2 protein chains.
Amino acid sequence: MASLKKIFSSRTAKNGEFVNSLKKILGFSPKDISIYETAFTHRSTNEKNNEGQPQNYERLEFLGDSILGAVIAAHLYKKVPGGNEGYLTKMRSKVVSREHLNELGRDLNLAKFLKTTIPTQQFSGNIHGNVFEALVGAIYLDRGFNYCEKFIHKRVIKPYVDIKKLEGKVISYKSLFIEWCQKNKKPFHFEVYEDTGKDELKHFAVRLKLGDSTVTKARATSKKKAEERAAKRAFYKLNLRTDSDKA
Amino acid sequence: MASLKKIFSSRTAKNGEFVNSLKKILGFSPKDISIYETAFTHRSTNEKNNEGQPQNYERLEFLGDSILGAVIAAHLYKKVPGGNEGYLTKMRSKVVSREHLNELGRDLNLAKFLKTTIPTQQFSGNIHGNVFEALVGAIYLDRGFNYCEKFIHKRVIKPYVDIKKLEGKVISYKSLFIEWCQKNKKPFHFEVYEDTGKDELKHFAVRLKLGDSTVTKARATSKKKAEERAAKRAFYKLNLRTDSDKA
């Protein structure tokens with residue numbers, strides 16, 4: 001009886017941890033946890049529902065892929081009023097590329113919650129993108145399209161979708177910024193400082209200084225990304241322009 | 001002055017006709033008519049907005065295609081809980097096939113409202129599907145995802161999406177029904193009768209009789225479709241089953 005109680009409470013604790021982490025990732029409270037559990041279940045577990053139907057993330061991945069495509073399409077449509085059909089199609093492909101989705105899933109550390117009988121190290125990098133898509137599908141089923149849209153804005157569009165970068169016009173704001181400093185003889189410095197944020201993931205915080213004054217600050221899951229983000233903010237704050245903008 | 005007034009009132013009358021027809025097709029009132037006007041504008045008109053950006057249906061077609069894909073994906077996900085990712089992908093391709101979308105657009109007679117400098121007869125059949133997708137995109141921009149979903153349910157899923165047919169298990173309910181009648185020695189008769197509906201499009205009405213009594217009725221935009229629909233209804237009403245169901 002004691003051991004049963006122990007198993008039960010350890011399961012509850014684990015579930016509580018899952019729900020808490022999920023809340024942080026989603027930015028809202030999930031209603032039906034079972035849908036999210038499926039989104040994090042790999043086929044290797046061979047789980048089935050009462051009707052004998054497989055319960056793993058693959059169907060949700062199909063659904064999430066569709067919803068993600070629609071949200072990104074709508075965003076690009078509104079954001080680039082001068083872009084024709086071919087341009088929009090190309091830009092969307094870049095945003096929802098396998099490589100990009102894997103990066104997203106990896107940054108959110110989704111694989112941590114994966115229920116699988118295969119050690120996660122043995123998976124290809126695609127596991128991160130697949131689970132990310134499944135998560136989008138789960139949000140759609142649990143809370144509907146509008147929540148999905150908000151989640152995608154927060155987790156995909158805001159941190160990653162930079163039209164200029166996607167167009168290949170700007171490869172790195174950091175290098176653009178450095179170029180500008182050298183041309184204008186301004187001393188600059190990227191300064192990493194202690195990040196007090198209480199995120200699931202380790203974050204890096206960076207101050208970008210021109211001489212002694214801080215121009216911008218940024219935080220991200222890697223030092224490189226935080227610097228790039230700080231440089232991008234400075235780029236827009238100081239109203240610097242690329243040559244292609246001037247043309 | 002008089003001629004200007006004449007042009008103006010004839011335009012208003014034409015616009016009134018467009019809005020009324022649109023309301024019937026949509027099943028709700030459009031808010032921003034200008035979006036729908038773009039959905040029915042062909043690139044041959046060379047129309048541009050104040051910023052010099054082309055105003056034709058092509059961008060809306062891109063958007064509508066995405067939204068349609070997401071709505072159909074969600075429908076199939078919910079409707080076929082036992083279908084795996086590959087099955088769902090295949091079924092969705094069938095529903096949103098060019099051929100199928102052209103049929104949808106043609107049935108709604110969308111090309112009638114097309115603003116173009118090329119005679120509509122010179123277009124390929126794809127014009128119908130393209131404008132249908134653009135219309136879905138316009139609905140999304142004008143009223144949001146939920147209205148889109150309702151429209152797609154009414155105009156695509158309810159009249160056209162029959163899982164058994166898509167799976168190729170049932171090619172024609174009419175032939176299944178006839179087969180059953182012959183096997184069971186039942187005299188049957190498809191009877192076309194006068195359709196009093198005040199639709200934009202000509203409709204055909206069909207009664208399906210077994211002996212002297214009417215089993216089902218149906219209406220559609222062709223006699224063939226009305227018969228098929230009446231047979232399908234009879235098939236379910238009389239609780240007939242295909243061999244694959246019995247297995």
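This is a predicted model: local features need pLDDT of at least 70, side-chain atom pairs count only at pLDDT 80 or more; totals for chains, interfaces and linings use all residues.

Reader: Where does Asn130(A) sit?

Author: In helix H6 of chain A, residues 126-143.

Reader: What does Asn130(A) contact, beyond its neighbours within four places in sequence?

Author: Tyr57(A), Glu61(A) and Arg98(A). With Arg98(A) there is a side chain to side chain polar contact, at 2.6 Å.

Reader: What about Glu133(A), buried or exposed?

Author: Buried, at 2% relative accessibility. Glu133(A) is in helix H6 of chain A.

Reader: Which residues does UniProt list for "binding site"?

Author: The unreviewed UniProt entry lists Glu61(A), Asn130(A) and Glu133(A). They span 73 residues in sequence, yet no two of their C-alpha atoms are more than 6.1 Å apart, so they gather at one spot.

Reader: Switching to chain B. What is the strand order in the open sheet of three strands?

Author: S1-S2-S3, with antiparallel pairing. S1 (188-193) and S3 (213-220) of chain B each have a single partner strand, so they stand at the edges, with one side lacking a neighbour in the sheet. From one strand to the next, the twist averages 25°.

Reader: How many bridges join S2 to S3 in chain B?

Author: Seven, with S2 covering residues 204-210 of chain B. One of the pairs is Ala205(B) with Arg219(B).

Reader: Which helix packs on the sheet?

Author: H10 of chain B, residues 223-237. Helix H10 touches S1, S2 and S3 of chain B, and its direction makes about 135° with that of S3(B).

Conventions:
Residues are numbered from 1 along each chain as its sequence is written. Chains are lettered from A and ligands numbered from 1 in the order in which they are written. Side-chain values use heavy atoms; hydrogens and water are left out. Two strands pair if DSSP finds at least two bridges between them. Helices (H or I, at least four residues) and strands (E, at least two) are DSSP runs, numbered from the N terminus. Axes are lines fitted to C-alpha atoms, for helices over the stretch in contact, and angles run from 0 to 180 degrees between N-to-C directions. Contact means heavy atoms within 4.5 Å. UniProt positions are given in the numbering used here, feature names are shortened, and annotations may be inferred rather than shown by experiment. A polar contact is a pair of N or O atoms within 3.5 Å; within protein, one must be able to donate a hydrogen and the other to accept it, and residues adjacent in sequence count only if both atoms are side-chain atoms. Buried means under 20% relative accessible area, exposed over 50%, partly exposed in between (1.4 Å probe, protein chains only).
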